[in-house]
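Good morning, and thank you for joining this group meeting.

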Amino acid sequence: MIDLRSDTVTKPTKEMLEAMVASPVGDDVYGDDPSINALEARVASMFGKEAGLFTPTGSLSNQLSIRLLVKPGEELILDQTAHIARAELGAAAAFSGITTRTFPSINGRLNADTALALAHPDAGPYLVSTKAIAVEDTHNFGGGTVQSLDEIQKLYKGAQEMKLPLHLDGARIWNAHVASGIKFSEYGKYFETMSVCFSKGLGAPIGSMMLSTKEKIAEARIWRKRYGAGMRQIGLLAGAINYALDHNIERLKEDHNRAAVIASACGLSKPDTNIVALDVSEYPFDAVQFAGILKENGILAGALGKNFVRLVTHKDLTDSDIEQTCEVLKRTLVTK
Ligand SMILES: *Cc1c(COP(=O)(O)O)cnc(C)c1O
């Protein structure tokens, strides 16, 4: 099967497994794992942040971040198709009592004015007070959309005036960096808290990280344990992640090029990064039926909405996988 459901489906290579085995370990709950300590310092410094906290998932690093910014009954503002709003199963409400208000976007593209217009920081005793704004880059359900640095800067400036911190859901910030050339440390300037994932395009089997100030990371460490995610010899994972950071960032270009080839076979324009978002509402099938046709032809795709299909490129695909995919897509989509 050619698996285009997500860039999370990659498997560790022999070299990555060797890096895991070679990684010194200790008990991280005691702060004794040298490899994870070094990894937290490495990634924090890449983004110009003071400290990092390893988490098993990006959902957890998002949730730890926003719970430090927003108290129960207060509000987080974000785009209506954000992962935090749609794909974390209501965790912000269920765990942290956080209410959200969302703004519309086209393909998840950030418009600072739209976000700022919704913010209401000191709403008094009648209305919910906004305490933070979240940005997603690249934007997953938007189709791998890269956010413009101008809009991020504009949002930061407006939010600063209202004393509102920004959170970045940077699960695929690596793809945004490769596509835009924006330095990792540049992103670090605007976001009080950040979440980055190693288990997407970088190809590590497990792992994400929250980045912020030393103080916030110390507090997040307590909450991580409270949520049951205090882990022991996770230096094994640091081995895989260091390998991924050393070898798998620049190669994301290849995933972006291949996504462009697939998009073209669907009659779509070039996507920003590695995600092809296909709207099948003009075709005589819905998303689930379309994914079913692809499956019969050896291709797995994600049916993520009634008419929304997602095809994601990643490092475990071959040239012939892409050729075969394009051939099937052209044949199937000719009925428009
Ligand atoms: C994948 C993803 C996450 C985190 O997902 P986990 O499965 O919890 O690691 C967060 N945000 C975005 C935009 C994602 O695509």
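Let me begin with a term: a polar contact is a pair of N or O atoms within 3.5 Å, and within protein one atom must be able to donate a hydrogen and the other to accept it, while residues adjacent in sequence count only if both atoms are side-chain atoms. The model is predicted, so to speak of local features we require pLDDT of at least 70, and side-chain atom pairs count only at pLDDT 80 or more, whereas totals for chains, interfaces and linings use all residues. Residues are numbered from 1 along each chain as its sequence is written, and side-chain values use heavy atoms, with hydrogens and water left out.

We turn to the ligand. An oxygen atom of the ligand lies 2.6 Å from a polar side-chain atom of serine 59. Glycine 58 has a polar backbone atom 2.8 Å from an oxygen atom of the ligand. In histidine 83, a side-chain N or O atom is 3.5 Å from a nitrogen atom of the ligand. On its own the ligand has 390 Å² of accessible area (Shrake-Rupley method, 1.4 Å probe), and the protein covers 84% of that area.

Which residues are around the ligand? Taking those with a heavy atom within 4 Å of it, they include Thr57, Asn62, Glu88, Asp169, Arg172 and Lys200. By class, the shell has 1 nonpolar, 6 polar and 5 charged residues; in this scheme Asp, Glu, Lys and Arg count as charged, Ala, Val, Leu, Ile, Met, Phe, Trp, Tyr, Cys and Pro as nonpolar, and the others, Gly among them, as polar. Helix α3, residues 58–69, gives the most to this shell, with 3 residues. Helices (H or I, at least four residues) and strands (E, at least two) are DSSP runs numbered from the N terminus.

Next, the domains. An automatic or database assignment gives domain 1 (14–247) and domain 2 (251–332). Their C-alpha centres lie 27 Å apart. With contact taken as heavy atoms within 4.5 Å, 18 residues of domain 1 are in contact with 13 residues of domain 2.

Finally, the backbone. A cis peptide bond joins aspartate 137 and threonine 138, with omega about -5°. Threonine 138 is in the loop between β5 (130–136) and α7 (149–161). Leucine 89, although not a glycine, has a positive phi of about 55°, and this leucine 89 is in the loop between α4 (83–86) and α5 (91–96).
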